[in-house]
Amino acid sequence: MSTDAYLSSLNKLTEISSLEDGWNGYGAEKFTEDHIKIVQSILFDLSYNSVPEPEVFPTGRNSIQLEWETDEVYVEAEVYEDGRIETFTEVKNVTALDLCNWVTAVQGWVAKNEESNHQRY
């Protein structure tokens, strides 16, 4: 899978990078360049590992959320500026083995790369 498949997510990340302090109306801080680079790196890595493109959202908790949802599965990964990644997974249909495989791929990638992302930026 090429990064072209992730064009929507990368464009959303560019939008997030231009948010200013107070962007959510409740005093949320703008996202740093290092934080954006961490998420961009994650998106590039996931795109080359055949993981479907996520939705990308800024949060008021000073994190950037990557989210995948189908009828069978819901996965979110919140990426913080310090490189910490918190994940949540809900499998709605236990027969969705193919979807479970990419959920496992996302979680495995997070576990493997969480420390290297922290050290990289």
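Arginine 84 pairs with glutamate 86 in a salt bridge whose closest N and O atoms are 2.8 Å apart. The model is a predicted one, and the distances and areas in this report are computed from it. Arginine 84 also meets the side chain of aspartate 82 in a salt bridge, at 3.5 Å from N to O.

Arginine 84 has 34% relative accessibility and counts as partly exposed. Aspartate 82 is partly exposed at 39%, and glutamate 86 is partly exposed at 37%. Partly exposed covers the range between buried, under 20% relative accessible area, and exposed, over 50%, so the 34% of arginine 84 puts this residue in the middle class.

## The chain as a whole

The protein chain contains three helices and four strands. Along the sequence, these elements follow the pattern α-α-β-β-β-β-α. The chain has 121 residues, of which 37% count as buried.

For contacts in the chain between residues at least 6 apart in sequence, 52% join residues at least 24 apart.

Side chains of opposite charge can pair when their charged atoms come close. The structure holds five salt bridges, and one of them joins lysine 12 to glutamate 15. The closest N and O atoms of this pair are 3.9 Å apart. A salt bridge is counted when a side-chain nitrogen of Lys or Arg is within 4 Å of a carboxyl oxygen of Asp or Glu, so the pair of lysine 12 and glutamate 15 qualifies at 3.9 Å.

Both residues belong to helix 1, where they are three residues apart, about one turn of the helix. Lysine 12 is partly exposed, with 30% relative accessibility. Glutamate 15 is partly exposed too, and its relative accessible area is 48%.

## A patch of negative charge

On the surface, Glu20, Asp21, Glu29, Asp34 and Glu81 gather in a patch of negative charge. One of these residues, glutamate 20, sits in the loop between helix 1 (7-17) and helix 2 (33-47).

Glutamine 107 is part of helix 3, which spans residues 97-120. This glutamine is partly exposed, with a relative accessible area of 33%. Apart from its neighbours within four places in sequence, glutamine 107 is in contact with Thr87 and Thr89. The C-alpha atom of glutamine 107 is 10.0 Å from that of isoleucine 85, and these two residues are 22 residues apart along the chain.

Threonine 89, one of the contacts of glutamine 107, lies in strand 4, residues 85-91. Threonine 89 counts as partly exposed at 26% relative accessibility. Its C-alpha atom is separated by 9.5 Å from that of tryptophan 68, a residue 21 residues away along the chain.

Notes: Residues numbered from 1 in each chain as written. Predicted model: local features only at pLDDT ≥ 70, side-chain atom pairs only at ≥ 80, totals over all residues. Heavy atoms only, no water. Patch = residues over 30% accessible without salt bridge, like charges linked within 9 Å, V, L, I, M, F, W, Y side chains within 5 Å. Areas by Shrake-Rupley, 256 points an atom, 1.4 Å probe, with all protein chains shown as cover. Lys, Arg positive; Asp, Glu negative; His and termini not counted. Charge placed at Lys NZ, Arg CZ, Asp CG, Glu CD. Helix = DSSP H or I, 4+ residues; strand = E, 2+ residues; numbered from the N terminus. Buried < 20%, exposed > 50% of the residue type's maximum accessible area, 1.4 Å probe, protein only. Contact = heavy atoms within 4.5 Å.
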